[in-house]
Amino acid sequence: SSGRKGDYWQYGSEIDAGARRTLRAWSSQQFRGKSKEKGAELERDDVVDLASSIFFLRRELPEEEAETNIWSGGRIYRVEIKPVGRGARLIDGHPVRTRAYSLRGVGEPLWRGRLDLVLAEDEEATPLEIAVARDGMRIRLELVEQEP
């Protein structure tokens, strides 16, 4: 990593899993000496944040395209959830069946971010890859080893 000392990005949320909604979401960052903080109490019943959307996708595993509202960067956006296929990956030398999803903004205001998610077809729908792009940054997390 080429990060500077003291640079960070932090994110958190509180959800009501039974009601399928995010109650609160917040983020803070420091980059190149500049700090930013955002947060919100999400009072609408039809809004989730980006991290919660991953949690709910893992539980619901939708087979068809759908739309939802997400909170991102202090604003609420309409996004399309699209199943983009099934496949397989090698994890620790073992083949694992997968299913993939993408989230993209639709409508106005347009969310210019992207979320691509690859889940294992196991009991937990283990995330194998999470790629998020927004506000000029791109983060890709990939599971390289799974504990027995």
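The legends below describe close-up views of a predicted model.

Local features are taken at pLDDT of at least 70 and side-chain atom pairs only at pLDDT 80 or more, while totals for chains, interfaces and linings use all residues. Residues are numbered from 1 along each chain as its sequence is written, and side-chain values use heavy atoms, with hydrogens and water left out.

**View 1**
Strand S1 (residues 8-16) pairs with strand S2 (residues 21-31) in the antiparallel sense, over nine bridges. Strands are DSSP runs of E with at least two residues, and helices are runs of H or I with at least four, both numbered from the N terminus. Two strands pair if DSSP finds at least two bridges between them. Ile15 stands opposite Thr22 in S2. Four residues lie between S1 and S2 in this hairpin, where Arg20 has a positive phi near 55°. S2 then runs antiparallel to strand S3 (residues 34-41), joined by eight bridges. Gln29 has Lys36 in S3 as its bridge partner. The hairpin of S2 and S3 has two residues between the strands, and Arg32 takes a positive phi near 50°.

**View 1. The seven-stranded open sheet.**
The strand order is S4-S5-S6-S7-S8-S9-S10, with mixed pairing. Strand S4 (47-49) and strand S10 (137-142) stand at the edges; each has a single partner strand, so one side of each is left without a neighbour in the sheet. On average, neighbouring strands of this sheet are turned by 30° against each other, direction ignored. Axes are lines fitted to C-alpha atoms, for helices over the stretch in contact; angles run from 0 to 180 degrees between N-to-C directions. Strands of a sheet pair through backbone hydrogen bonds, either parallel or antiparallel.

**View 2. Helix H1 across the sheet.**
H1 lies across S4, strand S5 (66-72), strand S6 (75-91), strand S7 (94-105), strand S8 (114-120) and S9. The helix runs at about 105° to S4. Ser53 is found in H1 (residues 50-60). Ser53 counts as buried, at 4% relative accessibility. Buried means under 20% relative accessible area, exposed over 50%, and partly exposed in between (1.4 Å probe, protein chains only). Leaving aside neighbours within four places in sequence, Ser53 is in contact with Val48, Leu103 and Leu115. Contact means heavy atoms within 4.5 Å.

**View 3. The aromatic pair Phe55 and Phe56.**
A search of the whole structure finds one aromatic pair. Phe55 and Phe56 form this edge-to-face pair, at 5.2 Å centre to centre and 75° between the planes. Rings of Phe, Tyr and Trp (its six-membered ring) pair if their centres lie within 6.5 Å; planes under 30 degrees apart count as stacked, over 60 as edge-to-face and the rest as tilted. Phe55 is partly exposed, with a relative accessible area of 33%. Phe56 counts as buried, at 1% relative accessibility.

Strand S9 (residues 127-134) and S10 pair in the antiparallel sense over six bridges. Ala131 has Arg140 in S10 as its bridge partner. Arg134 is bridged to Met137 in S10. Two residues lie between the strands of this hairpin, where Asp135 takes a positive phi near 50°.

On a 1 Å grid over the protein atoms alone, a cavity is a set of points where a 1.4 Å probe fits but cannot get out; a pocket is an open set with protein on both sides within 12 Å along at least five of seven lines; lining residues have an atom within 4 Å of a point. Grid points are joined across faces, edges and corners, and a volume is the space filled by probe spheres set on the points. The largest cavity holds about 40 Å³ of space. Its lining consists of Arg114, Asp116, Ala131, Val132, Ala133 and Arg138. S9 gives the most to this lining, with three residues. Arg138 sits in strand S10 and counts as exposed, at 58% relative accessibility. Not counting residues up to four places away in sequence, Arg138 touches Arg114, Val132 and Ala133.

**View 4. The second largest pocket.**
This pocket has a volume of about 320 Å³. Of its 14 lining residues, Trp9, Tyr11, Leu50, Ala51 and Val132 are the closest to its centre. S1, H1, S5, S9 and S10 each supply at least two residues of the lining.
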